[in-house]
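Hi,

Here is the structure I promised to pass on to you. Have a look at it first, then read my notes below.

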Amino acid sequence: MDVIFGRNKKEQLEPVRAQVTGRIPSWLQGTLLRNGPGMHTVGETKYNHWFDGLALLHSFTIRDGEVYYRSKYLRSDTYNANTKANRIVVSEFGTMAHPDPCKNIFSKAFSYLSHTIPDFTDNCLINIMKCGEDFYATTETNYIRKINPQTLETLEKVDYRNYVTVNLATSHPHYDAAGNVLNMGTSIMDKGKTKYVIFKIPATVPEDAKGKNPLKHTEVFGSITSRSLLSPSYYHSFGVTENYIVFLEQPFKLDILKMSTAYIRGVNWASCLAFHREDKTYIHIVDQRTGKPVPTKFYADPMVVFHHVNAYEEDGCLVFDVIAYEDGSLYQLFYLANLNQDFEENSRLTSIPTLRRFAVPLDVDKNAEVGSNVVKLASTTARALKEKDDRVYCQPELLYEDPEIRHSHKVILKMGQEHCWPAEPLFVPMPGAKDEDDGIILSAIVSTDPQKLPFLLVLDAKSFTELARASIDAEVHLDLHGLFIPDADGDAREQAPSQEQPDRVPDCHVAPWT
């Protein structure tokens, strides 16, 4: 497991051509740009958690049936400070960095005081966000880093707080039909309140605007007051439909007082997160058109959700799917100490994730009897039971068990490829697609077997049969998230020289993923 999670990866600064078997559809032209942790030790120091590793960007440029790979570490302030000191000097969520032991007591005391209100890391290792014509590496702090999607060069550092009052922000923004970015962040104790702020970054800027940077035109269009001033909910993503925002205020909470003293107590910020089993999960629905929450108070049983899967409106209801856990133990699993030869056994100690479908009526009948189910959809068995005082208890439909990270490495075994670990699959729609699954699934595959080259897997999205794979003779790391940039947005032709190649016949096929 150290090959996948613990070992530092080398950069591939110049594009390397992959060996393609099978046939990549001719319409698939562009760059798959991905982000994830790649460096876990600096000098003699080690990160505690896999999600703390220094960000390593990589790209798979697809042009005329060929694939070119490159990778480069994000040159964040965090990366530069750590590599200059040859030790970890910037704290991450699961790793608290401490003063240089050679400094005197006065320097140490000053360092402790400066960390009471932490300035978070800019190690943006989770995702890639498109903002107008620009691209940013993102994490869950207030910092994002602009990057060049062709060269992977690190550009300017951006602080969300210059445009919107948030201390934390998700790395899972959404894009509406116009290409505007929709995102959420937490504003901690601003003017006596802690709020969840919903904001929009426009895709385009008016010609007569003073600033052409879309971030300068960021608009807050909704907010939700936290149920607790000093213990806001942790959240990794949220849901979006055409007209509504879905936000789960879950009982996985960040203790602000503990966080403010974490450095002086010598503990990491992750220790300030706690699951409150006795609490509930509150479902907030915000109307994008008005910015106001739906007045009915919806709630569900306590759970922890990292990823929203789907959301849509149907016959007066808002339906959304999430992958839910019974507690916050998944985060514990990815401490590097647990990512060893006992990973399989350790993974069984975490709660089993379930894919759950909720249905929330947007207009609850006030005359409905207490205890009655106010969801009338034939498409789901999810229920919403009316209670007193405009409260509705939501019970989900269980769609599938064990679908997420803990299970993902097993999925690839269905292909007859042992020791393989797939990164998050990403769907690329076919131009002019008529059905929602007209397109391609892309996933980078790495292996614990050093004799097996990593490869980019290309699947037909309808049948999940293999169309092609591109084997890469370079180090490829297991990443987290990313996006596909069609040639029209980021010209892949700049980094992939034209070379005519004969057509190939697929030499293997795979069974559909289930």
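A residue is called buried when its relative accessible area is under 20%, exposed when over 50%, and partly exposed in between (1.4 Å probe, protein chains only). With 3% relative accessible area, Cys420 therefore goes down as buried.

Before you dig in, two housekeeping points. This is a predicted model, where local features need pLDDT of at least 70 and side-chain atom pairs count only at pLDDT 80 or more, while totals for chains, interfaces and linings use all residues. Residues are numbered from 1 along each chain as its sequence is written, and side-chain values use heavy atoms, with hydrogens and water left out.

Now the rings. Rings of Phe, Tyr and Trp (its six-membered ring) pair if their centres lie within 6.5 Å; planes under 30 degrees apart are stacked, over 60 edge-to-face, and the rest tilted. The structure holds 21 such aromatic pairs. One of them is Phe5 with Trp50, an edge-to-face pair at 5.0 Å centre to centre, with 85° between the planes. This pair links distant parts of the chain, 45 residues apart: Phe5 is in helix 1 (residues 2-5), and Trp50 is in the loop between strand 5 (45-46) and strand 6 (54-63). (Helices, H or I with at least four residues, and strands, E with at least two, are DSSP runs numbered from the N terminus.) Phe5 and Trp50 are both buried.

For a stacked pair, go to Phe320 and Phe358: their ring centres are 5.3 Å apart and their planes are at 15°, so they count as stacked. Here too distant parts of the chain are linked, with Phe320 in strand 24 (residues 317-325) and Phe358 in strand 25 (residues 354-361), 38 residues apart. Phe320 is buried at 0% relative accessible area, and Phe358 is buried at 1%.

Ring pairs also build a cluster out of Phe5, Trp50, Phe51, Phe93, Tyr331, Phe334, Tyr335 and Trp421.

Some charges sit over rings, meaning that NZ of Lys or CZ of Arg is within 6 Å of the ring centre and within 35 degrees of the ring normal. Lys200 does this over the face of Phe221, 5.7 Å from the ring centre. Arg469 does it over Phe455, at 4.3 Å from the ring centre.

Last, the backbone. Which residues other than glycine have a positive phi? Asn86 is one, at about 55°, and you'll find Asn86 in the loop between helix 2 (77-85) and helix 3 (105-114). Leu152 is another, with phi near 65°; Leu152 belongs to the loop between strand 10 (143-147) and strand 11 (154-159). Leu152 counts as buried because its relative accessibility is 0%.

Happy exploring!
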